[in-house]
Amino acid sequence: MTSAALDAFIAEATARSCRQPDPADCVLALAPLMLDLIDHAGSFLQPQHYRSSASGYTRNLIYDAPDASLSLYSIVWLPGQWTPVHDHGSWGVVGVVEGVLEERSYVRLSPDRGADDEIELARGGTILLRHGAVTSFVPNPDHIHVTGVPAERPRAVSLHLYGRTMSDFNIYDAAARTRRRIQVAHNES
């Protein structure tokens with residue numbers, strides 16, 4: 001199911017992302033669209049977009065471009081659910097529809113960005129994103145982070161727009177100093 005607000009967002013996000021090949025310029029152009037989309041979330045989010053699982057955060061696909069150039073997900077985070085430490089290999093724009101989403105950043109200190117081992121990560125800052133907040137990231141430098149909801153906070157729901165179909169990403173093991181690519185599942189809508 002779609003709505004006029006979602007259709008307009010997809011059309012304009014597609015146009016703006018095509019006009020802005022630089023990831024930093026792209027997220028700059030798209031962040032205001034996400035801010036507007038959050039205000040209209042009630043017009044297009046359906047019960048299937050709020051699906052969750054006690055076993056981990058849940059990715060619910062809303063839109064996937066036929067050419068794999070854009071994807072939009074609703075992600076549901078129950079209390080205590082977190083991603084692994086990861087990067088996306090893409091630009092992204094995130095808006096919070098419900099609750100407070102927490103993002104804890106990491107900085108890659110090792111110089112070889114192409115290496116999958118001997119990776120030295122340092123913990124960075126923490127961002128708390130309340131309902132209505134929008135954040136963005138670009139792939140270079142890698143945006144390495146862990147995202148979720150502490151056990152003492154209620155559920156959070158966020159919208160995630162990526163510059164590709166987000167079916168895989170890199171996860172990091174800070175203690176082992178490694179990175180590997182994994183497939184990530186989602187629910188079809």
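Predicted model: local features only at pLDDT ≥ 70, side-chain atom pairs only at ≥ 80, totals over all residues.
Residues are numbered from 1 along each chain as its sequence is written, and side-chain values use heavy atoms, with hydrogens and water left out.

Let's begin with helix α1, which covers residues 4–19. Helices here are DSSP runs of H or I with at least four residues, strands are runs of E with at least two, and both are numbered from the N terminus. With its 16 residues, α1 reaches 23 Å from its first C-alpha to its last, close to the 22 Å expected at 1.5 Å a residue. That expected span is 1.5 Å times one less than the number of residues.

Which residues of α1 are buried? They are L6, F9, I10, A13 and S17. Buried means under 20% relative accessible area, exposed means over 50%, and partly exposed is in between, using a 1.4 Å probe and protein chains only. If you look down the axis of α1, its buried residues fall within an arc of 95°, so they line one face of the helix. The arc is taken from the directions that run from the helix axis to the C-beta atoms. On the face of α1 turned away from that buried side you'll find the exposed residues A4, C18 and R19.

And what do the buried residues of α1 pack against? Their partners are α2 (23–39), β1 (58–64), β2 (71–77) and β9 (156–162), where contact means heavy atoms within 4.5 Å.

Take α2 from that list. The axes of α1 and α2 come within 10 Å and cross at roughly 175°. Axes are lines fitted to C-alpha atoms, for helices over the stretch in contact, and angles run from 0 to 180 degrees between N-to-C directions. The two helices, α1 and α2, are therefore roughly antiparallel to each other. That label goes to angles over 145 degrees, while under 35 counts as roughly parallel, 65 to 115 as roughly perpendicular and the rest as oblique. On the α1 side, the contact is made by A5, L6, F9, E12, A13, R16 and S17, and α2 brings C26, A29, L30, L33, M34 and L37. Sorted by class, the contact of α1 with α2 has ten nonpolar, one polar and two charged residues. For this sorting, Ala, Val, Leu, Ile, Met, Phe, Trp, Tyr, Cys and Pro count as nonpolar, Asp, Glu, Lys and Arg as charged, and the others, Gly among them, as polar.

At 63% relative accessibility, C18 counts as exposed. C18 and M166 are 148 residues apart in sequence and 18 Å apart in space, C-alpha to C-alpha.

Now for some buried residues elsewhere. H86 is found in strand β3 (residues 86–87), and at 2% relative accessibility it counts as buried. Leaving out residues up to four places away in sequence, H86 touches H143, I144, H145, T147, F169, N170, I171 and Y172.

Y106 sits in strand β5 (residues 100–108) and, at 18% relative accessibility, counts as buried. Y106 and H145 are 39 residues apart in sequence, yet 5.5 Å apart in space, C-alpha to C-alpha. Apart from neighbours within four places in sequence, the contacts of Y106 include V85, L121, R123, I144 and H145.

V149 has its place in the loop between β8 (144–148) and β9. Is V149 buried or exposed? It counts as buried, at 0% relative accessibility. Setting aside neighbours within four places in sequence, V149 is in contact with several residues, among them W77, P79, W82, L101 and P154.

A68 lies in the loop between β1 and β2, and its phi is near 65°, a positive value in a residue other than glycine. A68 is partly exposed, with a relative accessible area of 35%. R177, in the loop between β10 (168–173) and β11 (178–183), has a phi near 65°, also positive in a residue other than glycine. At 33% relative accessibility, R177 counts as partly exposed.
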